[in-house]
Amino acid sequence: QLVLLNLLFQNITPKQEEEAQFNDISSLLQSSIRSIKEIAYALNPPELEHGFLNAIDRFANRINSIGEIKVIVKIQKGLDEKSLDNVDRINLFRVIQELINNTLKHSQATEMTFVMKKSSDQIFISFEDNGIGFDIETAQTGMGMQNIQYRMKISNIKCEYNSEIGKGVKVSMIINS
């Protein structure tokens, strides 16, 4: 609708005294279109076009190619995209993405591991790093952690954090499939 509005707007020729206001409205309209595109991109990550497992693997490969930290991905044999049919893949991907970003930003880790297994009715995910860890009792919950907790809640992902100073972080998730 905004694109159509933009097309209609471009067909209007303002009077000379309206030109400044016309340009302001045009700029606001263009900015709104860009913002909506960014929101749509964030809601449906293009990384997932080729599947969740492929997206995790590609994300890990990108990080490994930089050489600062080693990412190990272990996915149980037989676990495939069909195994994730009842899983909110977008929110799960965003959770994993945020965990990895937190590790990269804060942990000083040299290695992180992502493990995914399944049983007949559950998916088990373990994410851990060998970084500096943190005291869970005194850690402040920033925007990233709030985002993770919100996404897990709406996606019905059960989660447990384990961390101690000097012993890295381990996050265990259970998803009913």
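A salt bridge here is a side-chain nitrogen of Lys or Arg within 4 Å of a carboxyl oxygen of Asp or Glu. Lys 82 and Asp 85 form such a pair, with their closest N and O atoms 3.2 Å apart. The model is predicted. Its chain has five helices and five strands, arranged along the sequence as α-α-α-β-α-β-β-α-β-β.

**Overall dimensions**
- The radius of gyration of the chain is 22 Å, whereas a compact globule of 177 residues would have one near 16 Å.
- Along the principal axes, the C-alpha atoms occupy a box of roughly 70 × 35 × 30 Å.
- Buried residues make up 34% of the 177 in the chain.
- Of the contacts with a separation of 6 or more, 68% join residues 24 or more positions apart.
- The chain exposes about 11,500 Å², and 51% of this comes from carbon and sulfur atoms.

**Salt bridges**
- The count of salt bridges comes to four.
- Glu 81, Lys 82, Asp 85 and Arg 89 are linked in a network of them.
- Within this group, the side chains of Glu 81 and Arg 89 meet at 3.0 Å, N to O.
- Glu 81 has a relative accessible area of 21% and is therefore partly exposed; Arg 89, at 24%, also counts as partly exposed.
- Lys 82 counts as exposed because its relative accessibility is 63%, while Asp 85 is partly exposed at 45%.
- Elsewhere, Lys 167 and Glu 164 form a salt bridge at 3.9 Å, N to O.
- Lys 167 is exposed, with a relative accessible area of 61%, and Glu 164 is partly exposed at 46%.

**The E4–E5 hairpin**
- Strand E4 (residues 157-163) pairs with strand E5 (residues 169-176) in the antiparallel sense, over seven bridges.
- Ile 157 stands opposite Ile 175 in E5.
- Five residues lie between the two strands of this hairpin, and Gly 166 in the turn has a positive phi of about 85°.

**Gln 97 in helix H4**
- Helix H4 spans residues 89-107 and contains Gln 97.
- Gln 97 has 13% relative accessibility, so this residue counts as buried; the cut-off for buried is under 20%.
- Apart from neighbours within four places in sequence, Gln 97 is in contact with Glu 47 and Phe 59.

**Nonpolar surface patch**
- Val 3, Leu 4, Leu 7 and Leu 8 make a nonpolar surface patch of about 390 Å².
- Val 3 belongs to helix H1, which covers residues 2-10.

Conventions: Residues numbered from 1 in each chain as written. Predicted model: local features only at pLDDT ≥ 70, side-chain atom pairs only at ≥ 80, totals over all residues. Heavy atoms only, no water. Patch = residues over 30% accessible without salt bridge, like charges linked within 9 Å, V, L, I, M, F, W, Y side chains within 5 Å. Areas by Shrake-Rupley, 256 points an atom, 1.4 Å probe, with all protein chains shown as cover. Helix = DSSP H or I, 4+ residues; strand = E, 2+ residues; numbered from the N terminus. Rg over C-alpha atoms; globule rule 2.2 N^0.38 Å. Buried < 20%, exposed > 50% of the residue type's maximum accessible area, 1.4 Å probe, protein only. Contact = heavy atoms within 4.5 Å. Pairing = 2+ DSSP bridges.
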